[in-house]
Amino acid sequence: MSLKVKFAGLECVSPIWTASGTFGYAKEFDSYLDLKTLGAVVTKGISPKPRGGNPLPRICETASGMINSIGLENVGVEGFRQKKLPFLRQSGTQVIVNFFGETVDEYVACGAALDEMDGVSALEMNVSCPNVKKGGVEFGTEPSVLRDLVKACRAQIKKPLIVKLTPNTTDIVAIARAAMEGGADGLSIINTISAMAIDARRRKPRIATVFGGLSGPAIKPVALRMCYQVHRALPDAPISGIGGIQTGEDVVEFLLAGATTVQVGTQSFVEPSAAERITRELVEFMRQEKIEDVRELVGALAV
Ligand SMILES: Cc1cc2nc3c(=O)[nH]c(=O)nc-3n(C[C@H](O)[C@H](O)[C@H](O)COP(=O)(O)O)c2cc1C
């Protein structure tokens with residue numbers, strides 16, 4: 001039985017990756033699971049300079065999910081190289097570094113610096129960030145803005161470049177197409193969904209910044225729909241499916257919808273070894289269904 005997949009040139013032992021911001025810099029999870037069994041780990045988002053986070057409270061639980069507004073706290077590109085990369089480089093798994101900026105120049109500088117680093121296998125661009133020069137609108141919500149951003153980064157990045165799409169848009173296919181036209185090698189679908197929660201007794205928002213990003217099982221149906229729509233419109237674009245994955249069968253659902261790989265996010269908070277259990281469940285599903293090669297499942301939805 002084979003779990004091996006190739007994603008935008010990246011050879012992965014499994015289609016199961018861990019999602020940015022939910023798996024630290026991998027070292028935090030080393031005692032819970034065997035990192036070598038993962039197809040890849042995606043790091044916390046890295047910016048050119050270190051960033052502190054948003055004020056507390058910045059996490060709250062909701063029905064079948066959670067809202068976070070961490071504020072993209074991270075060690076910065078140089079801190080990453082010095083403090084986090086040495087462990088990742090010898091972890092035995094593919095290392096995908098998630099990155100972002102507040103301006104096009106910051107994205108390009110950050111991506112180019114990470115591209116030079118030994119031990120970084122690929123880059124994942126988070127475009128769910130406010131564009132400070134354009135009144136704070138997310139980069140990833142306007143196709144022409146996204147196309148130009150990806151193009152500018154592509155020109156300086158030689159490694160596989162994956163663009164992680166925001167679901168906070170009316171036309172995910174237009175956004176996906178723009179990312180591919182800009183030169184992306186693959187797409188991660190989806191980031192968190194803009195949301196809020198209210199404490200009725202205190203008459204206050206449950207998150208200090210009022211709005212945050214919804215994740216967990218609550219968003220899985222939206223994520224599946226978006227993966228499927230993009231796969232149908234752009235069948236050659238490699239997709240990494242993300243959103244509420246908790247079981248091996250959830251993984252299969254994303255593969256059927258057209259994803260080549262998936263990412264386990266919020267579930268790793270509930271259960272730090274989740275990605276390993278989910279891998280075992282995927283293998284068991286394949287055994288029961290007599291599937292020899294996991295790639296048989298990709299895009300195999302019967303509609
Ligand atoms: C606490 C937290 C922090 C996150 N940080 C990032 C980040 O730095 N960059 C990014 O692209 N996505 C980030 N995400 C989004 C996740 O990678 C993922 O796309 C999302 O949570 C949906 O998957 P899930 O439902 O399995 O959690 C974060 C999510 C959570 C819950």
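Hi everyone, let me start with a pair of helices: the axes of helix 2 (residues 104–115) and helix 3 (residues 143–154) come within 9 Å and cross at roughly 35 degrees. A word on terms: helices (H or I, at least four residues) and strands (E, at least two) are DSSP runs, numbered from the N terminus. Axes are lines fitted to C-alpha atoms, for helices over the stretch in contact, and angles run from 0 to 180 degrees between N-to-C directions.

Before going on, please note that this is a predicted model: local features need pLDDT of at least 70, side-chain atom pairs count only at pLDDT 80 or more, and totals for chains, interfaces and linings use all residues. Residue numbers start from 1 along each chain as its sequence is written.

Back to our pair. Helix 2 and helix 3 have a right-handed crossing; a crossing is right-handed if the near helix is turned clockwise from the far one by less than a right angle, and left-handed if anticlockwise. Which residues meet there? From helix 2 we have V104, Y107, V108 and G111, and from helix 3 L149, A152 and C153. Contact here is when two C-beta atoms, placed from the backbone, lie within 7 Å. Sorted by class, the contact of helix 2 with helix 3 has six nonpolar residues, one polar and no charged ones. For those classes, Ala, Val, Leu, Ile, Met, Phe, Trp, Tyr, Cys and Pro count as nonpolar, Asp, Glu, Lys and Arg as charged, and the others, Gly among them, as polar.

Next along is helix 3 with helix 4. Their axes come within 7 Å, crossing at roughly 25 degrees. That angle makes helix 3 roughly parallel to helix 4. The cut-offs are these: under 35 degrees counts as roughly parallel, over 145 as roughly antiparallel, 65 to 115 as roughly perpendicular, and the rest as oblique. The crossing of helix 3 and helix 4 is right-handed. On the helix 3 side, look for P143, L146, R147 and V150; they meet A174, I175, A178, A179 and E181 in helix 4. The classes in this contact of helix 3 with helix 4 are seven nonpolar, no polar and two charged.

Helix 4 (residues 172–181) also meets helix 5 (residues 220–233), their axes coming within 9 Å and crossing at roughly 55 degrees. Helix 4 and helix 5 are therefore oblique to each other. The crossing of helix 4 and helix 5 is right-handed. I172, V173 and A176 of helix 4 make the contact with M226, Q229, V230 and A233 of helix 5. Its residues divide into six nonpolar, one polar and no charged.

Now the strands. Eight of them form a closed barrel in the order 3-4-7-8-9-10-15-16, with parallel pairing. Two strands pair if DSSP finds at least two bridges between them. As an example, strand 7 (residues 95–99) and strand 8 (residues 122–126) pair in the parallel sense over four bridges, and N98 stands opposite E124 in strand 8. Helix 8 (residues 274–288) packs on this sheet, touching strand 3 and strand 16 (261–264), and its direction makes about 170 degrees with that of strand 3.

There is an open sheet too, with four strands in the order 5-6-14-11 and antiparallel pairing. Which strands are at its edges? Those are strand 5 (59–62) and strand 11 (193–195), each pairing on one side only. Strand 11 and strand 14 (residues 212–215) pair over three bridges, in the antiparallel sense; S194 stands opposite G213 in strand 14.

A few backbone details deserve a stop. Most residues other than glycine have a negative phi, and most peptide bonds are trans. Yet L56 and P57 are joined by a cis peptide bond, with omega about -10 degrees, and P57 is in the loop between strand 4 (40–42) and strand 5. The bond from I189 to I190 is cis as well, with omega near 20 degrees. I190 lies in the loop between strand 10 (186–189) and strand 11. Finally, A26 has a positive phi of about 75 degrees although it is not a glycine; A26 is in the loop between strand 3 (16–18) and strand 4.

Last stop, the ligand. Of the 23 residues around it, G21, G45, S215, G265 and T266 come nearest; a residue is near a molecule or strand if its C-beta atom, placed from the backbone, lies within 6 Å of it. The shell around the ligand divides into six nonpolar, 15 polar and two charged residues.
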